[in-house]
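Hi,

I am passing a structure on to you, as promised.

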Amino acid sequence: MGREKEKEKLSEKALNLLRSRLSDPNFIFRPLSDSPDSNYSKLKFIISTSVTEACNNSILLLGPRGSGKVAVLELVLSDLLQQYPEAISVIRLNGLLHSDDNCALKEIARQLCMEHQLLFSKVASFDDNSQFMIAMLRECGLAHKTIIFVLDEFDFFAQGKQRLLYSLLDAMQSVNSQAVVIGVSCRLDVDQLLEKRVRSRFSHRKLLFLSPSKEDTERFIEHILSLPMDSSLPHNYAAEFNGRLKKLLSDERFKELIDTYLSFNFTIGHLVRFLFQAVSYMDLSAGFLSLGNFKTALSSNQRQPKLECIRDCSVLELYMMVCMKRLEVKEQASYNFYSVMTEYKSIHDSFQTSDYYAANVCLRAFEHLLQCQLISFIDNKGHNQSVEFRPVKLLISSAELHQGLKSYQQCPAILLKLMDR
Amino acid sequence: MGGKDNVSRQFSYPLKTTHRPLPICKTLKKKSKIATKSVTFTKQQYTKMPTETPRKQFQSPKKPKQSPNNVKSQSSTPSIHLSPQTPQVPLRRSSRRSLQPFTSKTVDEMLDLSTPRKALEDLDGIGKCSGNNRKGSSVRTPRAPKCKFNEEDREIPEMGKVGEGNGVVEDAFCPVSPEALESKKTKKGLSEEGSVKMGKSPKCKLNEDLGKLGEGNGDVVLPEKRKKGLRNEESVKTRKSLRCKLSEEEREIPDLGKLGEATFFAVSPQALESKKRKKGEEKRAVTRAMATRSLKKVNKEEKKGRKRVYYKKVVYDGGEFEVGDDVYVKRREDASSDDEVPEMEECRVCFKVGRGVMIECDDCLGGFHLKCLTPPLKEVPDGDWVCGFCQARKLGKDVEFPKPPEGKKRVRTLREKLLASDLWAARIESLWKEVDGGYWFRGRWYIIPEETASGRQPHNLKRELYRANDFADIEMESIIRHCNVMSPKEYAKANDQGDDVFLCEYEYDIQWHSFKRLAEIDNDEDGECANGDEDWNSCKEDDSDTDEDMEYEEENERNVHARPSTTHQLAANSRKGRFFGIQKVGTKMIPEHVRCHKQTELERAKATLLLATLPKSLPCRNKEMEEITTFVKGAICDDQCLGRCLYIHGVPGTGKTMSVLAVMRNIKSEVDAGRIRPYCFVEVNGLKLAAPENIYTVIYEALTGHRVSWKKALQLLNERFSDGKKISKGDDRPCILLIDELDLLVTRNQSVLYNILDWPTKPHSKLIVIGIANTMDLPEKLLPRISSRMGIQRLCFGPYNYQQLQEIISSRLKGIDAFEKQAVEFASRKVAAISGDARRALEICRRAAEIADYNMKNQISSVNSSRVKDVVTMADVDAAIQEMFQAPHVQVMKSCSKLSKIFLTAMVYELYKTGMGETTFEKLAMTFSCLCTSNGEAFPGWDTLLKVGCKLGECRIILCEAGDRHMVQKLQLNFPSDDVAFALKDSKDLPWLAKYL
């Protein structure tokens, strides 16, 4: 009994280690950053030249979500902050928060003040703040300090007049400062969004973050999941854990499983989330990762929300959906509540079902379907019309509806029949 | 009245005031006003004095001297000064004085060129007679034994303490032009008397119109505003040697030089005290600042009757001291060595001064005769040279410098003393005469690296000083002589300027212990340009009384500013004239990489290709710049300048703003030279304004310095431009308004543009508007009443063609061998074909250099580096162009997930099938499932498919509506289908995709 408990403790320790690794971007991206071709070393080179050679720069980091743009950037920044303490100040903005030029400049001024222990005034105007920013750029340039502007969700800054980007980039071409503007965005066409004057001032350096190759992925999984041999964990436990993991990784079924998972989204962030889930399913009494853990994780990932929605519907709502389906089969392109009601009545008339409800009850069911987003309005026009007159559209395919009806326990047999007819 | 005249004649000091551009700074503006208000200048003075004369003055003393009489041959002997820091013979003051003819040459010229005027002749006459006087007196004084105290000295007991009896007694004599004398009588007279006030005197008006500033008057004494007691005068007379720099007198100087041998320095106890205080409170700036302030307070009380008189230049004790000069300042009274300032540095080996050429060790700064070295050197080698002792020490050996012969003590030079902090150096910020007649200056300390918080660092240079933001009022007595503190650029050029050369690149903040590069180094010319205006401004100022008051206020304010703000802190970003606390910004230590890193060719290329680097020449826009120049000049010179408006258009990056600014710089330098009437220049950028209306505020602030709301500003500007109401003095100057990004000022009713463009048509506005925008037809898009005002004169900046781009790039890269010629051509052809944007071309080249640099550094780090190239090749340029111009979507499509690939294929297939660009998710899902079933792939389900579509939509590879539209979601490819086909045709994991593409 005591032995088992000890084992459990051990595996819990291992689990914690794995989890903390998976939630630490530093650990995840470090091994990918060594080679000279990696984005890490390119980005580091660009920023560090700005520090050492006192020049201005602007870079765009592009790539799909989850490809590690910000993680790599943070890695680079933390390394450079260690290498050149005091010489770098980082200003972070997010397009979702600061897309308004005025508020963005205020935030820049605030962070600059924080960074240099100056007093910040909330009431300063746009002009004040922009002049302050330019003065600070100049002063920092004189003091050999680099200011790094990180603009996350860069596409939101590239809207409207783009005053912030213009004044930033214009300052960089006229003031002898050393500043780096780093735009991070998942939109690949973000440089096309820039206004022509801003685009001309932007240096158009781009770093593209792509998904890793298949081999990299395998190596990556092994790197993350194998336990360190020289930690507090007992040596033989770690060795056994790693041996089992190796066996698992070479298993064809496991490879297939990972492939199916990555077939729809092939990024590191996505993979890490999956691994975290799988690791959390680890059986503590066994103490080792098994194929079953990954399978459960995969199935919990592959969910069909619409089908699950059908399971929660009432019978009347099922009737209404089947009616809509029938209307679609009859090639009636658009239908609203009343046309569905006519169909419903005709079904009732011909089959004399027990489930016949009054129109107002049906309307409630109709509205519920709208809320569940099993049906939706075809267009956004006609907001002032009342619900029952607006054309709607069924959002699940007939196959899905069929499957849903089958899995519905109290589904009247007539409905399945009606579907086929 | 005659007696009175006499008194004032004796009293008025023949001080030379020079017009010298000061760095632009609010506190200094006023000062320049005072200093210049009573002075007129010759053209020569105007241009030469700030730059050449001081240097000549300062350089020459350090040149070795054989005999004081043949100065010119001396200074032209080239062979004597060799290695960069060759310690040369520092001259004693006596010998320096003998160099005066050199300096006075400019004065001679000035006088020769000056229009003969009666006043001047008078002045000359006085100079002559006083020169004679002087001869007599100056012969007398040096013979007077050391400790001969004058009565006056006894009257002021502190001065008596000076001991050593080194008060140099020379005669003060004062040739004063009658005009100046008259002006002294009353203050009223001062403001009305012509020769003193520039703008007022009809004579000067004439001169001004001629483009020459009043000539010959540079030597006129600054008028005293009050009468002083006789006692003061006499004490001054005896203790100070003040001369008028007139040609007559200057000729006497070589003689004087011989006598000067006997002169010593007088140390005023007061100055010493303040110095001692400084020593004690090296770290506590507060107290010192307070101390200075308390002094001020006393002055203020006194001020009712008496005032300080500020000068630009003082000839004191045989040396000329000007605002902006650097001087050695005494530190101790007791140090006996202070008395014997060595004439020359001794050789470290033979301990003789000798005439031979000396070479300086770059490590220990010791001087060696070439012949004393083992083996002896024939010539001074190029580059760094380190003496044998230092080399041996570096190798770890224990070496001793040769001991000086018995009975002889090695004499340290001033430089050595300074670097050993036995002396101080300071920069003169202002010069004035106290009410009691003592001459003082406000010095800004230079400190040596050892005195800073971080101490001397290995990468500090031997001759490095820092400029502290610490001021002190020092008596002129404690000045030893000039030293020469230079910016790195000057320092690099200063090969043979003797021993008193120092390098100062950084400013040191004594409160925050932080360093900051000196800003003036970077924008030297800007500061000077901006000053041209200010000085004009000040010339026209006639109310000198308020001026002086303002000066006091400014000074106090500066003191307050210098103190750590104890009262209440002001926010840094709420700008009420200045940013508070911004001086805190600075490095704690000068980073090593700045100094120790030697730039490679590639890095130099990168630096010069930076957009922020101002190129030395602006090629390819000569025609346009000429046109702008003629426009601006024509507009300024025209008295009415009615309706002057220029519209400049062109695509971004074609040098519009740069050309205009370059033209304005040129014109400003002409204004400085006095050829063109002064004007004011206001630059506004439409995109940097929060709202179009704010432009009124910005313009008004630029013109007057006051900040008001835009409505008020509009009203005031209307008054000024439309009604011709002039508020302040400078208002009658023509005003050039440059509006960049003009199209941003277009409001719905276009009133902003209308107002601004309407002003130039008003008779007395003297407003010239230059508008810059991108679109050619902006005036046509505007209301007719605006386009009729703006659209008449236009200038088009066409995109650069490839030859021009090539020239722009290669003119920047001149002297740097980092680019293959074809590489530059390739880049410029590519850019010319796409946009003709010079910025883009420069950025491509810089990026290419960066890529080459990156590859090179990686090759070096990896062991198997077969060949290390340090030129930018075509391949690098191509890589840079790819990065800049190619959209990254192809790469992303190649690497995206399996389902995404099928999804995209289905989109293309659907497009081919229907011929419609837009499709719905429902249709696409059908196609998708068809593709899957016919190729043996599992259909992932609708919901997953929706997610895949949304992911692609996020990257904007496809355009799609929000995901909650689900079945009715509309989809469209964002890139041509060919791109998708190209990207997915040979994907390895899904070979069947090619069928459908």
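Below is what I found, starting with the chains and ending with a few residues.

This is a predicted model, in which local features need pLDDT of at least 70, side-chain atom pairs count only at pLDDT 80 or more, and totals for chains, interfaces and linings use all residues. Residues are numbered from 1 along each chain as its sequence is written, chains are lettered from A and ligands numbered from 1 in the order in which they are written, and side-chain values use heavy atoms, with hydrogens and water left out.

Chain A first. An automatic or database domain assignment divides chain A into domain 1 (35–208), domain 2 (213–302) and domain 3 (307–420). Between the C-alpha centres of domain 2 and domain 3 of chain A there are 44 Å. An unreviewed UniProt entry lists residues 221–404 of chain A as "domain: Origin recognition complex subunit 4 C-terminal"; such annotations may be inferred rather than shown by experiment. That stretch of chain A, residues 221–404, is 61% helix and 3% strand, with 37 Å between its end C-alpha atoms.

Now chain B. It has 41 helices and 20 strands (DSSP runs numbered from the N terminus: H or I of at least four residues for helices, E of at least two for strands). Of the 997 residues in chain B, 57% are buried (buried is under 20% relative accessible area, exposed over 50%, partly exposed in between, with a 1.4 Å probe and protein chains only). Taking contacts in chain B (heavy atoms within 4.5 Å) between residues at least 6 apart in sequence, 74% join residues at least 24 apart.

Helix 38 of chain B spans residues 898–914 and includes Thr905(B). Thr905(B) counts as buried because its relative accessibility is 0%. Leaving aside neighbours within four places in sequence, Thr905(B) touches Leu931(B), Leu984(B), Leu993(B), Tyr996(B) and Leu997(B).

Helix 38 of chain B also packs against helix 40 (residues 942–954) of chain B, at an angle of about 80° and with the axes 10 Å apart. On the helix 38 side of chain B, the contact involves Leu899(B), Ser900(B), Phe903(B) and Leu904(B), and on the helix 40 side Thr944(B), Leu945(B), Val948(B), Gly949(B) and Leu952(B).

Lastly, Phe982(B) sits in helix 41 (residues 977–984) of chain B. Phe982(B) counts as exposed because its relative accessibility is 55%.

Best wishes

Conventions:
Axes fitted to C-alpha atoms, helices over the stretch in contact; angles between N-to-C directions.
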